[in-house]
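Thank you for making time for this. I would like to go through one structure with you, starting with a term we will need and then moving from the overall picture to a few particular places.

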Amino acid sequence: MAGRSLRVAMAQVMNDADVDAIAASAAAEGADVIVFPEMFSNGYSRFDPEDRTARQAWIDAAVPIDGAFVKGVREVARRHGLAIVATFLERGSPKPFNSAVLIDSRGDVVLHQRKRHICFFDIPEEACAAGETSSVARLRTAAGEVTIGIMICMDREFPDVAADLVGEGVEIILVPNSCPLVDDPAVGDVRVAGVRALAFQSVLGVAVANYPAPKDDGRSFAVDPLGKVLSMGGPQPDLVITDFDLDRIRALQKEDWFRRVR
């Protein structure tokens with residue numbers, strides 16, 4: 001008998017892509033969850049740091065969690081019967097947040113995560129506020145409940161976020177991303193190495209959804225709890241699919257319990 005698995009689709013697309021069509025394709029592939037890249041509501045757009053008007057316009061374009069952008073994605077999830085990680089610049093005061101929500105197959109928001117380790121040293125995130133906590137959702141899927149957490153881009157590089165999620169029993173971490181993963185001119189593929197280490201050290205699966213070239217370098221990928229790369233896209237727009245073996249993840253978490261002690 002085949003073991004229980006979770007199929008994750010990483011939507012390696014620009015933010016002008018048809019979300020409904022992508023969801024339809026993912027559903028046809030049997031995906032349980034789709035993950036979009038970071039801050040998809042504005043395509044992780046930037047502004048001229050010397051132009052105060054442009055900076056304020058970027059902030060003013062932030063959307064509320066109960067606004068049209070998230071409602072539209074909720075309807076797509078409901079229509080196609082699969083979960084979606086939607087990402088957006090979330091309206092906030094005095095600053096907006098770099099946020100993500102996990103929407104279940106019924107269209108309900110079951111997890112709301114704000115990026116904790118923002119890129120405060122650069123635009124556009126110097127205009128954002130940081131999130132403070134991380135939590136998990138027990139997502140209902142065809143394979144039963146799966147404990148899901150979210151890290152937004154640079155969150156994957158900081159042990160406090162992993163510790164918080166592991167403390168809540170996370171099994172799979174979904175990562176909306178926007179930066180070079182393999183072809184960074186300064187550090188090469190060190191971010192892929194970091195995710196592999198994260199998965200091994202915390203005994204969990206990780207799926208990273210990135211923007212395609214030329215914005216970033218694509219290479220959306222997924223890693224198993226032993227740090228093995230299960231799938232990786234190329235630089236072009238794509239829907240990258242991976243299957244996480246839930247029985248294997250749970251068995252390894254019991255066997256290697258000591259790696260999850262924080």
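A residue is called buried here when its relative accessible area is under 20%, and by that cut-off C119, with a relative accessible area of 14%, is buried. Please keep in mind throughout that this is a predicted model.

Let me begin with the whole protein. Its secondary structure comes to six helices and 12 strands. Buried residues make up 54% of the 262 residues, and the accessible surface comes to about 11,200 Å², of which 52% belongs to carbon and sulfur atoms. Taken along the principal axes, the C-alpha atoms fill a box of roughly 60 × 40 × 35 Å. If we take the contacts between residues at least 6 apart in sequence, 66% of them join residues at least 24 apart.

Now to strand β1, which covers residues 5-12. How many of its eight residues are buried? Six of them are, so the strand is largely enclosed by the rest of the structure. Two pairings of β1 can be described. With strand β12, residues 238-245, β1 runs antiparallel and is joined by eight bridges, and within that pairing R7 has D243 as its bridge partner. With strand β2, residues 33-35, β1 runs parallel and is joined by three bridges, and here V8 is partnered by V33. Between β1 and β2 comes helix α1, residues 19-28, and together β1, α1 and β2 make a right-handed β-α-β unit.

As a general point, most residues other than glycine have a negative phi, and most peptide bonds are trans. M39 counts as buried, because its relative accessibility is 0%. The other residue is N42, which lies in the loop between β2 and α2 as well. N42 also counts as buried, at 19% relative accessibility, and, leaving aside neighbours within four places in sequence, N42 is in contact with N15, W58 and L89.

That brings me to the cysteines, which I expect some of you will ask about. How many disulfides does the structure hold? The structure holds zero. The sulfur of C128 has its closest cysteine sulfur in C119, at 9.5 Å, which is too far for a bond. For C153, which is likewise in no disulfide, the nearest cysteine sulfur is that of C179, 4.1 Å away. To follow that reasoning, the cut-off for a disulfide is a pair of cysteine sulfur atoms within 2.5 Å. Both C128, with a relative accessible area of 3%, and C153, at 5% relative accessibility, are buried.

C119 itself is found in the loop between β5, residues 109-114, and β6, residues 136-141. Which residues does C119 touch, once its neighbours within four places in sequence are left aside? They are E125, E126 and M154. M154 is 35 residues away from C119 along the chain, while the C-alpha atoms of the two are separated by 7.6 Å.

C153 is found in the loop between β7, residues 144-150, and α4, residues 159-167, and its phi is near 45°, a positive value in a residue other than glycine.

Finally, there are two cis peptide bonds to show you. The bond from I123 to P124 is cis, with omega near 5°, and P124 lies in the loop between β5 and β6, where C119 is also found. The bond from A213 to P214 is cis too, with omega near 10°, and P214 is found in the loop between β9, residues 205-209, and β10, residues 221-223.

That is what I wanted to show, and I am happy to go back to any of these places.

Technical notes
Residues are numbered from 1 along each chain as its sequence is written. This is a predicted model: local features need pLDDT of at least 70, side-chain atom pairs count only at pLDDT 80 or more; totals for chains, interfaces and linings use all residues. Side-chain values use heavy atoms; hydrogens and water are left out. Buried means under 20% relative accessible area, exposed over 50%, partly exposed in between (1.4 Å probe, protein chains only). Helices (H or I, at least four residues) and strands (E, at least two) are DSSP runs, numbered from the N terminus. Two strands pair if DSSP finds at least two bridges between them. A crossover is right-handed if, with the strands pointing away from the viewer, the path from the first strand over the helix to the second runs clockwise. Contact means heavy atoms within 4.5 Å. Accessible areas come from the Shrake-Rupley method with a 1.4 Å probe; for residues, only the protein chains shown count as cover.
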